[in-house]
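User: Could you walk me through this one? I'd like to go over confidence, charged pairs and the core.

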Amino acid sequence: MITEKAMLAAVHISIWTAVKHDRKVSRDVADQHGAHQGAGRYNKQLLRGADKLDELRTLAGQIRQHFYKITLPWSDEGFRLLPANFYFDLMARMREFEAGFEQGVESFLGVYPQYIEQVRPELNGLFREEDYPSADKLRTKFGVKLEVLPIPSGADFRVQMSAEEQARVSREIDANVRESLMRGTEDLWKRLREVVAHMVDRLNEPESRFHGSLVTNVLDLVEILPRLNVNGDTDLNRFAEQVKGRLCNYSAQDLKKHDLLRVTTATDAANIVAEMDGLLHSREAADPIDGPSADDILARMSAFMGAPTAA
């Protein structure tokens with residue numbers, strides 16, 4: 001079954017904010033100005049220049065970035081669609097990330113006392129020893145966790161209730177699945193258009209500075225896109241091939257050195273964006289509401305993943 005070939009996943013990352021709401025100062029300011037006690041709040045920055053904490057924030061961003069790269073939007077609760085063929089890649093990367101994160105936490109805690117002493121004179125009268133948790137307590141405020149769940153399916157809805165009510169809930173589940181899958185496809189179109197349009201903008205400015213990522217970001221996306229295209233949108237795969245074949249043949253350095261390459265690549269990129277816009281507008285005009293059924297989508301996903309469809 002297709003629900004065994006894809007799953008939902010969420011990454012939960014917690015980091016100590018090092019920010020403290022100072023109620024006394026907030027009250028003092030309100031009293032000073034004759035304002036209501038709830039008119040404002042004063043938040044203290046408990047640490048400043050804490051490089052080790054900044055490194056953890058940076059690592060958290062890298063974890064989220066990788067997770068978003070190989071998943072598609074699913075729900076507002078943070079869960080995203082993870083094709084099964086990315087599962088082992090994600091697990092391997094998460095083990096690396098978690099090890100790096102734990103090491104980063106210990107590194108931060110090792111210099112935590114120095115950071116406190118460093119900020120003490122800066123906070124001066126606002127400094128309070130009790131604002132700073134112990135190292136053991138602080139360690140519990142950091143964490144990385146990957147949560148994986150199966151894709152819901154109306155066919156698997158087995159709560160005992162009337163047949164009519166069960167059918168209604170099953171239809172709702174399938175409708176939600178269909179909507180989420182369509183949202184995932186829209187996200188892929190958006191990602192592809194954004195990287196190509198960005199290339200147009202940068203290449204059309206001869207004096208602009210651009211880095212190797214101008215091309216590598218495009219290449220990374222078009223190489224991964226067919227595996228993420230669980231809806232089997234053939235136009236999407238076709239455009240990914242076009243982008244790879246027409247825009248990824250030269251490095252950013254080549255494009256910067258040779259004006260002719262830059263101009264022709266910029267023109268190709270602009271044409272591709274225009275073609276994408278035309279196609280998406282025509283789709284919207286032809287069928288603004290109706291989309292494929294959940295069964296159609298699940299059948300396509302099964303075909304894409306080489307799995308048999310449910311009977």
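This is a predicted model: local features need pLDDT of at least 70, side-chain atom pairs count only at pLDDT 80 or more; totals for chains, interfaces and linings use all residues.

User: How exposed are Glu-96 and Arg-93?

Analyst: Glu-96 is partly exposed, with a relative accessible area of 49%, and Arg-93 also counts as partly exposed, at 27%.

User: And what does Lys-44 pair with?

Analyst: Lys-44 forms a salt bridge with Asp-131, with the closest N and O atoms 2.6 Å apart. This pair links distant parts of the chain, since Lys-44 belongs to strand S3 (residues 43-45) while Asp-131 lies in the loop between helix H3 (87-123) and helix H4 (135-139), 87 residues apart.

User: Is Lys-44 buried or exposed?

Analyst: Lys-44 counts as buried because its relative accessibility is 2%, under the 20% limit, and Asp-131 is likewise buried, at 10%.

User: Switching topic, which residues touch the most others in the largest nonpolar core?

Analyst: That core has 80 residues, and those touching the most other members are Trp-16, Leu-47, Phe-108, Tyr-132 and Leu-192. Leaving aside residues up to four places away in sequence, Leu-47 touches several residues, including Trp-16, Phe-108, Val-119 and Tyr-132.

User: What about the pLDDT?

Analyst: The protein averages a pLDDT of 87, and 88% of the residues score at least 70. Over residues 301-311, however, the pLDDT is below 50, although this stretch has 22 contacts in the model beyond near neighbours in sequence.

Conventions
Residues are numbered from 1 along each chain as its sequence is written. Side-chain values use heavy atoms; hydrogens and water are left out. A nonpolar core is a set of buried Ala, Val, Leu, Ile, Met, Phe, Trp, Tyr and Cys residues joined through side-chain atoms within 4.5 Å. Buried means under 20% relative accessible area, exposed over 50%, partly exposed in between (1.4 Å probe, protein chains only). Contact means heavy atoms within 4.5 Å. pLDDT is the predictor's confidence in each residue, from 0 to 100. A salt bridge is a side-chain nitrogen of Lys or Arg within 4 Å of a carboxyl oxygen of Asp or Glu. Helices (H or I, at least four residues) and strands (E, at least two) are DSSP runs, numbered from the N terminus.
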